[in-house]
Amino acid sequence: MGLGDAAIGKVPALAAAGVAGILPATLVCGPLSDRLGRRKPFVVASAALIGCAMLIPVAVPTMTGMLVMAFLVGVGLGCFQGVDTALISQVLPSQESFARDLGVVNIAAALPQALAPAVAAALVLGLGGYQALFSAATAFGVLGAVRGPAGPKRPLTTTLDYRTRKEHTVTDPKATSETPEETVARLSLEEKAALATGATWWTTEALPHVGVPGIRLSDGPHGLRLQNEDRADHLGINDSTPATCFPPAVTLASSWDTELAERVGRALGRESLAHGVHVLLGPGVNIKRSPLCGRNFEYFSEDPLLSGILGTAWVNGVQSQGVGASLKHFAANNQEAGRMSVSADIDARTLREIYLPAFRRVVTEARPWTVMCAYNRVNGVHSSENHWLLTDLLRGEWGYEGVVVSDWGAVIDRARALSAGLDLEMPSSSGQGPARVVAAIGSGELDEKVLDRSAARIVELARRATAQGTEDASFDVAFDASFDVDEHHALAREAAVRGAVLLKNEGGLLPLNPTPGSRIAVLGEFARTPRYQGAGSSRVTPTRLDDALTALTTALTAAAPDATVDFAPGFPVDDPDGDVDGLREEAVRAARAADVAVLFLGLPPSHESEGYDRDHIELPLEQTELLAAVTAVNPNTVVVLANGGVVRLSGWIDDVPAVLEGWLSGQAGGSATADLLLGRANPSGRLTETVPLRLADTPAHADWPGERGHARYGEGLFVGYRHYDARDLAVSYPFGHGLSYTTFTYADLRVTRDDTGFDVSVAVTNTGPRAGHEVVQVYVGAPGSQVRRAVRELRAFAAISLAPAETRDLTLRIDRADLAHFDIGVGAWLVEGLEYRVDVGASSRDIRLTTTVTIEGDPYVEAPDADSTVGEWRAHPVGGPAVERLLVRVRETMRDAYPKEGSPRHRMIADMRLSQLAKLPIVPLDFDDVEELLAAVRKATA
């Protein structure tokens with residue numbers, strides 16, 4: 001039997017030899033080349049080794065020679081594949097990130113190539129064609145090594161497109177000079193369709209042969225939730241890599257500090273960059289329509305101006321680090337109940353003035369790289385298929401140029417969504433989305449140019465996102481962070497301090513002043529087991545976690561070495577079988593023996609989360625019963641709250657002298673709470689939402705959560721404080737409220753007007769004994785408006801720091817455009833000519849100074865027609881005098897029967913259509929008179 005026959009019989013042995021060579025070479029060469037930053041020497045060496053290996057059977061024409069050849073060919077190919085990651089994105093595109101995380105990417109790619117030479121050698125030698133094998137194998141090895149110049153990180157090579165099987169050249173996305181449109185023009189229809197849908201749960205499609213890298217998106221917004229692909233979810237079920245858990249939006253917003261929001265954004269951007277994440281999903285700027293929304297902890301405020309300004313600062317911070325933000329959830333995602341399909345039915349003016357301004361501000365001022373569409377419908381049309389929302393408004397009116405991405409699973413029909421303006425469907429739809437697009441274009445249902453536009457936006461995003469050199473994202477289980485973990489923890493602590501709101505502090509019980517021998521009872525499970533973030537897709541695995549019990553105990557004993565700290569959990573948390581009575585009795589004993597009791601209350605984790613809403617705004621009964629029992633034995637009780645949405649206080653707050661609203665305070669919240677209670681930090685947070693006396697008083701109560709798939713926004717413009725002020729309703733604490741350990745006074749209010757708006761200047765003085773932050777709030781009212789408007793609306797604010805006795809002259813700008821209302825008659829924003837009231841204060845109901853400013857209105861006035869009312873004609877600058885001349889004739893005819901000005905009958909005539917009057921036989925008007933009026937108005941307004 002000849003060598004060829006022997007080789008054919010030893011194919012398994014040859015294959016095993018090839019695999020034995022490729023495995024160690026792949027594992028060693030890839031990391032080594034990355035560490036050295038050089039790849040070309042490895043590629044050239046690989047080609048040389050393969051060529052030399054093919055000569056071995058010539059010199060040693062035995063089976064041993066064949067096995068050695070197979071082994072060395074495997075080593076050469078393993079080394080080659082170890083330093084070249086281009087092929088894998090074509091061979092295993094949907095598993096690229098996962099496979100690389102496991103360290104088997106290049107092995108999986110190279111195994112077929114390791115087996116091929118062994119099998120080919122056996123077959124060809126069996127036919128006596130060794131020279132043909134030598135030539136072909138050597139050419140194969142050299143081809144990958146020398147074709148084109150190799151870049152510093154990724155050499156050019158050739159590969160097969162996994163869909164079309166066409167050979168392509170893999171190019172470095174950073175080296176291409178093509179525009180996104182030129183790149184898209186080189187793609188097949190199938191490639192473009194695939195590009196517009198996610199490749200995996202968190203990554204986009206990569207097309208290396210045209211220099212389009214895949215990018216990774218990850219949940220935020222108050223911390224990075226980077227997951228391994230094999231445990232991916234969008235509900236916060238599975239673990240994620242450790243990251244700083246900053247205070248959620250509910251807490252960060254309560255600082256009213258744009259500079260702090262931007263700093264937090266920068267830190268989030270740095271962490272995302274360190275972990276290879278290209279787009280962080282956030283911020284959420286949806287309005288807090290009702291306190292029942294289970295996701296309110298992720299949103300900033302009930303006020304659109306405050307939400308938009310803070311959201312802009314956050315996005316600017318994140319994107320300053322070369323990481324994209326994803327503004328969400330566009331639009332009107334104000335409840336979790338039925339969120340996948342409920343229709344938010346909102347009139348045009350309310351939508352424009354309340355639910356869209358925050359999005360508009362962030363889009364126009366911060367230019368987020370992506371905007372995420374919501375699950376819900378808006379006025380009957382799914383957000384993912386809403387052309388008016390995604391194209392006419394977002395791109396047409398606001399000039400947005402980035403990528404519109406779906407919320408995870410929000411796409412109903414991929415072709416309709418693409419046509420509406422949704423560029424990127426996430427996550428992977430297992431091929432269904434691309435197939436639907438290809439079919440729609442083939443049938444003529446969808447214009448391919450629509451796909452081209454979206455594909456070009458995605459190409460631009462991918463290249464922009466990888467400009468920092470982090471093309472490959474990874475799940476870092478070892479948590480070897482390249483950012484300053486301690487620095488970010490300190491920033492989280494600062495944000496928690498700044499976001500806490502001191503609601504009440506009678507008798508100056510806070511800050512605590514422990515003395516030697518004093519006894520303090522720390523009560524409530526939340527002191528030991530902090531409630532520091534909400535549940536759902538924003539759930540972060542913190543880098544560390546501070547608890548208030550440890551922080552307080554350490555600080556109190558340091559301040560007063562003889563002081564005693566007693567702890568009792570007081571109540572079970574999410575445990576229906578917990579010993580409620582026993583825990584309460586233990587806590588009461590501790591409170592009775594203490595000088596001061598600090599009681600930690602709040603909402604259990606199960607009470608608020610993404611995916612469902614709350615049924616009420618009450619604290620759990622076992623907690624309020626504990627509170628009553630504790631205050632009965634110790635009137636010096638401080639309550640510290642931990643909750644993501646407001647809770648009713650009116651049932652118990654009169655029984656306690658001090659209440660600190662800590663919200664959800666992030667991973668450093670325990671230390672921050674100790675800082676505030678002991679006076680090492682001064683409370684400076686202000687409410688960004690009203691705390692009502694009861695749920696029935698809230699604006700959306702009668703319409704919440706809707707019925708038969710529709711949520712009717714019947715309260716219209718009057719959301720949050722606008723509602724309570726318009727109805728003059730008492731509240732527990734108003735929008736903007738917050739106390740301090742110091743005091744501030746306001747003086748010297750001035751207004752300076754110009755053509756584009758006006759400046760409001762005021763002198764603010766710290767009149768107390770401590771340094772502190774004050775949040776100066778400017779509200780504007782429009783008495784005499786021709787349309788319904790709020791009593792006052794927030795139009796500017798600033799958080800300033802003042803030392804004791806320091807005075808600062810603060811100037812805040814209000815743009816003319818911020819005075820406009822959306823006129824539903826003309827479908828445009830109009831500024832009324834009015835004397836506007838300017839209120840400056842410390843909350844919406846703590847107004848310290850008031851003045852007025854006269855603003856000239858926009859020149860546009862809607863022209864009346866024959867069916868306009870007499871009142872509308874009289875209000876028109878041209879039609880008014882003309883119709884008055886006709887009414888003189890009517891008054892002369894009717895004499896004493898003509899109703900007196902201002903009487904009920906006079907108002908009735910004002911509400912009649914002019915054409916209606918012209919038809920009445922007792923009125924001396926006819927349609928010729930009406931036509932003359934119309935002609936006079938047309939001539940004057942032409």
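Helices (H or I, at least four residues) and strands (E, at least two) are DSSP runs, numbered from the N terminus. This is a predicted model, in which local features need pLDDT of at least 70 and side-chain atom pairs count only at pLDDT 80 or more, while totals for chains, interfaces and linings use all residues. Residues are numbered from 1 along each chain as its sequence is written, and side-chain values use heavy atoms, with hydrogens and water left out.

Q: How many helices and strands does the protein have?
A: The secondary structure comprises 32 helices and 28 strands.

Q: Why is R708 called exposed?
A: Relative accessible area decides the word: under 20% is buried, over 50% is exposed, and values in between are partly exposed (1.4 Å probe, protein chains only). R708 has 82% relative accessibility and therefore counts as exposed. R708 is found in the loop between β17 (691-692) and β18 (710-712). Its phi is positive, about 50°, although R708 is not a glycine.

Q: What makes A332 buried or exposed?
A: The relative accessibility of A332 is 4%, so A332 counts as buried. A332 also lies in a loop, the one between β5 (324-330) and β6 (343-345). The phi of A332 is near 55°, a positive value in a residue other than glycine.

Q: What share of the protein's 942 residues is buried?
A: Buried residues make up 59% of the 942. The protein exposes about 35900 Å², of which carbon and sulfur atoms supply 54%; accessible areas come from the Shrake-Rupley method with a 1.4 Å probe, and for residues only the protein chains shown count as cover.

Q: Why is S843 called buried?
A: S843 has a relative accessibility of 3%, and therefore it counts as buried. S843 belongs to strand β27 (residues 834-843).

Q: What makes the pairing of S843 with R845 a polar contact?
A: A polar contact is a pair of N or O atoms within 3.5 Å; within protein, one must be able to donate a hydrogen and the other to accept it, and residues adjacent in sequence count only if both atoms are side-chain atoms. The side chain of S843 reaches the backbone nitrogen of R845 at 3.1 Å. A polar atom of that side chain also lies 3.0 Å from the backbone nitrogen of D846.

Q: Which residues does S843 contact, leaving aside neighbours within four places in sequence?
A: Contact means heavy atoms within 4.5 Å. On that basis S843 is in contact with P734, F735, G736, H737, Q777 and Y779.

Q: What makes V647 count as buried?
A: V647 has 1% relative accessibility, so V647 counts as buried. V647 is found in the loop between β15 (637-642) and β16 (658-661). Beyond four places in sequence, V647 touches L603, R614, I617, L619, L641 and V691. The C-alpha atoms of V647 and P692 are separated by 8.5 Å, and these residues are 45 residues apart along the chain.

Q: Is K288 buried or exposed, and how do you know?
A: K288 counts as buried because its relative accessibility is 3%. K288 lies in the loop between β4 and α14. Its contacts, apart from neighbours within four places, include V250, N296, Y299 and F300. A polar atom of the side chain of K288 is 3.3 Å from the backbone oxygen of N296.

Q: Why is α23 called oblique to α26?
A: Helix α23 (residues 548-559) and helix α26 (residues 669-677) pack at an angle of about 40°, with their axes 7 Å apart. That angle makes α23 oblique to α26. Angles under 35 degrees count as roughly parallel, over 145 as roughly antiparallel, 65 to 115 as roughly perpendicular and the rest as oblique. Axes are lines fitted to C-alpha atoms, for helices over the stretch in contact, and angles run from 0 to 180 degrees between N-to-C directions.

Q: Which residues of α23 and α26 meet?
A: A548, A551 and L552 in α23 meet G670, S671, A674 and L677 in α26.
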